[in-house]
Amino acid sequence: MLIYLRVLKESFNFAISALKNNRLRTFLSLLGVTIGIFSIIAVLAAVDSLKKDIKGSLSALDNSTIIVMRFNFGPSDIPRWKREQFPDVSYEEYQNLKKSMPDLEAISFALGIPGGASLKYRDVTSAGVDVGAVTHEYYDIEAFELEDGRFFNEPEGVSGAPVIILGHEVASNLFGELDPMGKEIRVFGRKATVIGVMKKQGQSLFGNSRDGQAFVPANFARRVFGTTKGTVFPQIVLKPEEGVDSDEFIAILEQQLRNMRGIKPGEINNFFVNQLQGFADFIDNITGQLNIIGLVISGFSLLVGGFGIANIMFVSVKERTNLIGIQKSLGAKNKFILSQFLFEAIILSVIGGLVGLFVVWLVSIIASQFTGDFEFVLSPFNIFIGTAVSAIIGLISGIIPAISASKLDPVEAIRTGM
């Protein structure tokens, strides 16, 4: 064991010596490894960051949550012209499902209101606010965190009471240092009383932070917008009880809706049942494909880097032929010489890889500064991957030069090196 530690120490010294004595040659040879490791880890880190941000945006809703609407989350075999003819889900369907669906933990009716709304308090206006119109059960489905006040209750939801819950940023824009609780603002041209303020969440990659949102009762918005198709986008949000078989639950849900709409056997559904788990799987599939593409592209850089390491080692063997001969004449075994050059190749490659990791770390810091609350993740696992790949590239690149060095005849080596 001690002899291999000594070999490792000597190999490290030789590698550092190569870096010092032939800086330009070594730099150019290691550049391929550095670029390759940078490419691989940058792609892995970027995809991990993207996945984390997307799933963070979805984390407020359980993966078992189901959203019924006339739109679908992913690709569909149904032609677009036919999908555009699908009717919106209705408030009455929500009420019927609430009474008839088994194994139901919570169900809510929601309206998506496009374009954003302007909220006004006295002479201060906050424009482009994403106002969600939901029934009171939505509080039991989504993980709301309120900084102050409360969510609206069932009587307020059913009656469409003029009450509103504000996101942290919206409340700050409208009221500054004032306490917003109990204040009257105007939304959709109507008066509404502030009864709650959500905790600060921070901006996500897709700009869908709760900080810039507000919530009103669905029936309040229905009185304003009516039921004209295209004005708002109704949806029914369901959360099954824990442990319920999702496929069976969805099958019952689809049959209930088909019965309500009078859809005959053999006819396709004129609605979509979207499950967040399916959307999460779709995201995993996309990010997995991005990883593969990035790894293939990075592989070419690593191939060039591998040839660079091999070139350094062949030159190193040639320059130290005399020394190899002396070592072998003094009793050094072939595996000792082999280990010496293999360790040197690995150390050189790892140095190139560490430079690549350092560049990724710098880029991650800079990227995080320019992307606001989007966090660029450089995980310990990615660092381990970068270091391990560097070592493997060094091992593969150094094996042939190391074997050629170990097989040198000591007499010929000494004579050639003189």
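Buried means under 20% relative accessible area. The views below are close-ups of a predicted model.

**View 1. Helix H8 and the residue that follows it.** Helix H8 spans residues 218–225, and its buried residues are Ala218, Asn219, Phe220 and Ala221. Just after H8 comes Gly226, whose phi is positive, about 70°.

View 2. Tyr91, Tyr94 and Phe109 belong to one aromatic cluster. Over the ring of Tyr91 sits the charged end of Arg222, 4.3 Å from the ring centre.

**View 3. The edge-to-face pair of Phe71 and Phe233.** The count of aromatic pairs comes to eleven. In the pair of Phe71 and Phe233, the ring centres are 5.5 Å apart and the planes stand at 65°. The pair is edge-to-face because planes over 60 degrees apart are counted that way. Distant parts of the chain are linked by this pair: Phe71 is in the loop between strand E1 (66–69) and helix H3 (80–83), while Phe233 is in strand E10 (residues 233–240), 162 residues apart. Phe71 has 34% relative accessibility and counts as partly exposed. Phe233 is also partly exposed, with a relative accessible area of 23%.

**View 4. The tilted pair of Tyr121 and Phe175.** The rings of Tyr121 and Phe175 have centres 4.5 Å apart and planes at 45°, so the pair is tilted. This pair, too, links distant parts of the chain, with Tyr121 in strand E3 (residues 117–121) and Phe175 in helix H7 (residues 168–175), 54 residues apart. Both Tyr121 and Phe175 are buried.

View 5. Phe71, in the loop between E1 and H3, has its backbone oxygen 3.0 Å from a polar atom of the Asn274 side chain. Asn274 belongs to strand E11 (residues 272–275). At 6% relative accessibility, Asn274 counts as buried.

**View 6. Two loop residues with positive phi.** Most residues other than glycine have a negative phi. Asp103 has a positive phi, near 55°, and is placed in the loop between helix H4 (91–100) and strand E2 (104–112). The relative accessible area of Asp103 is 38%, so this residue is partly exposed. Arg122 is not a glycine either, yet its phi is positive, about 55°. The loop that holds Arg122 runs between E3 and strand E4 (124–134). Arg122 counts as exposed because its relative accessibility is 66%, over the 50% limit.

**View 7. A nonpolar surface patch.** Val355, Phe358, Val359, Trp361, Leu362, Val363 and Ile365 make a nonpolar surface patch of about 560 Å². One of these residues, Val355, lies in helix H12 (residues 334–370). Val355 has a relative accessible area of 41% and is partly exposed. An α-helix has 3.6 residues a turn, so residues three or four places apart point the same way.

Note on methods
Residues are numbered from 1 along each chain as its sequence is written. This is a predicted model: local features need pLDDT of at least 70, side-chain atom pairs count only at pLDDT 80 or more; totals for chains, interfaces and linings use all residues. Side-chain values use heavy atoms; hydrogens and water are left out. Patches are made of residues with over 30% relative accessible area and no salt bridge: like charges are joined within 9 Å, nonpolar side chains (Val, Leu, Ile, Met, Phe, Trp, Tyr) within 5 Å. Accessible areas come from the Shrake-Rupley method with a 1.4 Å probe; for residues, only the protein chains shown count as cover. A salt bridge is a side-chain nitrogen of Lys or Arg within 4 Å of a carboxyl oxygen of Asp or Glu. Helices (H or I, at least four residues) and strands (E, at least two) are DSSP runs, numbered from the N terminus. Buried means under 20% relative accessible area, exposed over 50%, partly exposed in between (1.4 Å probe, protein chains only). Rings of Phe, Tyr and Trp (its six-membered ring) pair if their centres lie within 6.5 Å; planes under 30 degrees apart count as stacked, over 60 as edge-to-face and the rest as tilted. A charge sits over a ring if NZ of Lys or CZ of Arg is within 6 Å of the ring centre and within 35 degrees of the ring normal. A polar contact is a pair of N or O atoms within 3.5 Å; within protein, one must be able to donate a hydrogen and the other to accept it, and residues adjacent in sequence count only if both atoms are side-chain atoms.
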